[in-house]
Amino acid sequence: MNTLLAATIAAVLAPTLAIADRLPVIEVTATAQKSTREDIALKLATPDTALALKSIAGADVNQNGPLTGIQQYRGLYGPRVAVSINGIQPGTGGPNWMDPPLSYAPAALLDSLTVYRGIAPVSAAAETIGGAIKAELWEGSFTDQQAMSSSGKLIAGAQSANKGLQAAVLAAIANHSHKLNAQILLEEGDDNRFSDGKIRPTEYKRRRADLGYGWQSENHEIGLAYSRNETGDTGTPALPMDIESIDSDGYRGEYRYKNDNWDLDGKVQKHDISHGMTNYHLRVPPATMMGWRRNDASTDSLGIHLAVGRDDDSGRWQLGVDSSQNSHDAIISNPNNAQFKVVNFNNATRDLLSLFIEREQQVSDSIQLEAGLRVNRISADADEVYSSMAMMMPPVKALQDRFNNAQRDNTDNNIDVMARLNWQTSEAMYWTVSIAQKTRSASYQERFLWLPMQATAGMADGNNHIGNLDLKAETSRELDAGFDYQSQSLLISPRIFYKRIDDYIQGTPVMDMAVRMVSTNMGGDASPLQFNNVEAEIYGADLQWQWKLLEHWSVGGIATYVRGKRLDIRDNLYRIAPPNARFHLTYHANNWEMTFATTHYAEQTDVSVTNEEKPTDSYNIADLSSQINITEDLTVVVGANNLFDSFYQDHLGGYNRAENPDIATGARLPGTGRNIYARLEWQW
């Protein structure tokens, strides 16, 4: 990626338990916004890395619990936004995305987080209809010496709103040929507090260990890595169940080659996930034991990435292949009734094979062209399902037999194309315009959810949904344009965008009587939805800016406006972030800085009638933080989120699904109240 503009931008505090004062270094280019440096871990007063997205123009997060932030970019979210960690897209273990991709990149272990600005290049990932995000975890570095030397970090933190604690050790020993690294992370917290009580359940517990080895010689580098993630009792009040356990093992191997003109990057990763969840062990259980539910889910995934690049006098070629194989199972049971069993997903597979070619061409000293083509082949299938209720309930048997007798295998062949033109008109002014066609095939939940349930990849709208075996792939035609202006004291970077999405996958009202009867009698929802193809459009604008007022003072911020509409009927798209802006004022000294920031969200009344979405009011919150570099190696950050303990409801925060004397069932979940925090990092 050729950088058109690189600048240090102070991003602002996000609301409640989000970013303490700013992501310290952000490169803003025509194609990406990249937060770098290890103190990302210091700046997050939360265990959820996804909340860092609130400091990126156009980005936001759908929050269903303290560890379940789902990435959103310009109105699209979940599987529509591709997330890779160390170059591979991870699998997710739960049908309701209690372990979204960024949960496998804890903030304390991050080395960098990159959001591709606007339309992502085809080389970024497969299926980037909603954009692309890259997370790189810290793994130490080779040295240029023959003797072995060590490096690493110790990180510790605490916060008041949930009595949360964090401790991490990252260590590496390396020389010019060998590198051995290990990371250990411990995080836990109680229920979040807000001005009028507690948000129950929002406790969390996570343990993580990583081990890696690397070898390099001249042009070659080989790496092996293993990670073990164990998430214990963790609340998700916006979902029907809470996390009892998420145990995952990740195995990764990689090979790199580079000479003066050629480079090769190959990666393979296997990810095995076992996930248990219930509606009774953290929240107040259902009144009758017949309503108790447990869901045991598992995912096996295999991902492969191979790319070859060649630099020449006028640009760069890149060719590559991505492949992923994912298998999902989920069985619902009742601990009080050994006979109750629902096979929710049975070997539901979704396999991808993707080929791409991309060219970056320096047309002249001031003009650059980037263009790419990607071809995706997505195959999906599922085995037969079963419900013990089929023997007693004819509508359940009808749905079971209908699914088992149907042709369940499906293959989509999709084509993505993208072109971007960047040109410089003065020393300070760069312009950019991009056009693209991007595609996405249905998720396994959208296709294979055979009973009306809420296993909808974290959609959390409170409606029962049922899948559709005949879904077509989404196709988006997109336009993005803007400029970057940078002088010695001012940076301003606005964008406008438009997406027309054909065959957008959206829940629509179900007329089928068997579905409606099962949904009413089993799930208490008399108006379930079925995933169908509709027509949609999304448009808007976003802005990031920075102004150096005086030698030690600077101001800056971001602003985002997104509008999402159905085109087939008069309705809005679900869970679209309201217009919002963030501003900060920062004082910089030699070894410390202090930031006062404000976050402003407008009301959101453009809600989805189909999803029975409720509007939200506007709100403003303030944050204060300070970073002190006590020595070159020791840094302390202290501060307060939601300084004035304001009550507010984040439109993307979901609805309360757990019985709570402080929050009505079905009401919008409130944002966290005043949160005082401290973070310490020592590195060597």
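Among the residues involved, Trp553, Tyr587 and Trp592 are linked by ring pairs into a cluster.

The model is predicted, with pLDDT of at least 70 needed for local features and 80 or more for side-chain atom pairs, while totals for chains, interfaces and linings use all residues. Residues are numbered from 1 along each chain as its sequence is written, and side-chain values use heavy atoms, without hydrogens and water.

Charges also sit over rings (NZ of Lys or CZ of Arg within 6 Å of the ring centre and within 35 degrees of the ring normal).

| Charged residue | Ring | Distance from ring centre |
|---|---|---|
| Lysine 179 | Phenylalanine 142 | 5.6 Å |
| Arginine 293 | Phenylalanine 340 | 4.1 Å |

Strand S3 (residues 59-63) has five of its five residues buried, that is, under 20% relative accessible area (1.4 Å probe, protein chains only). Strands are DSSP runs of E, at least two residues long, numbered from the N terminus. Ala59, Val61 and Gln63 point one way from S3, and Asp60 and Asn62 the other way. In a regular strand the side chains alternate between the two faces of the sheet. S3 pairs with strand S4 (residues 69-73) in the antiparallel sense over five bridges; pairing requires at least two DSSP bridges. Valine 61 has glutamine 71 of S4 as its bridge partner, and five residues lie between the two strands of this S3-S4 hairpin.

Methods:
Rings of Phe, Tyr and Trp (its six-membered ring) pair if their centres lie within 6.5 Å; planes under 30 degrees apart count as stacked, over 60 as edge-to-face and the rest as tilted. Buried means under 20% relative accessible area, exposed over 50%, partly exposed in between (1.4 Å probe, protein chains only). Helices (H or I, at least four residues) and strands (E, at least two) are DSSP runs, numbered from the N terminus.
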